Amino acid sequence: MAIRLSEYLKKEYGEKVYRLSLSSGCTCPNRDGSVRLPDGTPITGGCTFCSEGGSGEFAADIAPIDVQIEDAKRRIQGKTDAKRFIAYFQSYTNTYGDIDRLKKLYLEAIKRDDIAILSLGTRPDCLSDEAVEMIKELRAIKPVWIELGLQTIHEKTALNFHRGYALDVFEEAYSKLKAIGVDVIVHVIFGLPHESREDMLLTIDYLSKLEPPLDGIKLQNLQILRGTKMYEEYERNKFHILSLEEYSDLLVESLRILPESIVVHRLTGDGPRKLLVEPLWSLNKKNVLNTINRKTEGYFV
């Protein structure tokens, strides 16, 4: 059986540890034209499902890091007695840019007494030797998690949504990160255009067999957001959108496949209500969570 992130953190730290969504001021190479399609066309605008917020609509606004952290803490502490936190840099690619600037920023965060873990969302093709060395130095201070947005192992799908790198790039990055001892968490999206149920589960099977074993996984359903290139594609040719039942069944099958050692960081995602086009069932969060919890009962320690 897998373990939920909340239970893992309680076991490791003896208390609840809360995530603070922060901003580093980075962008992505498939937004600024640095990455090209096979025909040589520069990719701009990011992955086609990604909004202008870079998948970080709930992250803090750009500000000095101590200000971001204190603002995020106040929002959480209004509801809880939280004392320890994960500094989570989610939006865009947080190892892309001036490494000296980023190192200074992340050191400010990780050296705070109230920060237990530093978590960086990034791309496998944005892990230069300098970036990996930075991560290694940060890990010597406190635990560092690196989150990689793989989404799928299928090259045709990845090409269609403009991921901008091939699977072997992911494999090389994964090996480099595991060699320096950081926890790696991989993001997977179910319901990408024209992927079958078998295609999606093949991605999970691939991840279950990684060596060294994968530390964590984030699973979510595809969200069609107004203003994205995928929204334009959906308007032209409405591909299948997973129902809640289909999605929750995929979660169950994934938990059957994944090793017991893996930490499940997410089983569903929230799209910004003002942008969400599909699936509308995801707006009823209580029903989504109740359905998922019912379906996955018995699959967690």
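1. R197, M200, L201, I204, D205 and S208 of α7 make contact with D249, L250, E253, S254 and I257 of α9 (contact is heavy atoms within 4.5 Å; helices are DSSP runs of H or I, at least four residues, numbered from the N terminus). Five nonpolar, two polar and four charged residues make up this α7–α9 contact.

2. A word on the source: this is a predicted model, where local features need pLDDT of at least 70, side-chain atom pairs count only at pLDDT 80 or more, and totals for chains, interfaces and linings use all residues. Residues are numbered from 1 along each chain as its sequence is written, and side-chain values use heavy atoms, leaving out hydrogens and water.

3. The axes of α7 (residues 197-208) and α9 (residues 244-257) come within 9 Å and cross at roughly 30 degrees. The two helices are therefore roughly parallel (angles under 35 degrees).

4. Two cavities of 30 Å³ or more turn up in the whole structure (a cavity is a set of points on a 1 Å grid where a 1.4 Å probe fits but cannot get out; lining residues have an atom within 4 Å of a point). The largest cavity holds about 50 Å³ and is lined by F190, G191, N221, L222, H240, I241, L242, P279 and W281. Its lining has six nonpolar, three polar and no charged residues.

5. The second largest cavity has about 30 Å³, with T268, G269, D270, S282, K285 and V288 around it. Here the lining splits into one nonpolar, three polar and two charged residues.

Terms used:
Axes are lines fitted to C-alpha atoms, for helices over the stretch in contact, and angles run from 0 to 180 degrees between N-to-C directions. Angles under 35 degrees count as roughly parallel, over 145 as roughly antiparallel, 65 to 115 as roughly perpendicular and the rest as oblique. Ala, Val, Leu, Ile, Met, Phe, Trp, Tyr, Cys and Pro count as nonpolar, Asp, Glu, Lys and Arg as charged, and the others, Gly among them, as polar. On a 1 Å grid over the protein atoms alone, a cavity is a set of points where a 1.4 Å probe fits but cannot get out, and a pocket is an open set with protein on both sides within 12 Å along at least five of seven lines; lining residues have an atom within 4 Å of a point. Grid points are joined across faces, edges and corners, and a volume is the space filled by probe spheres set on the points.
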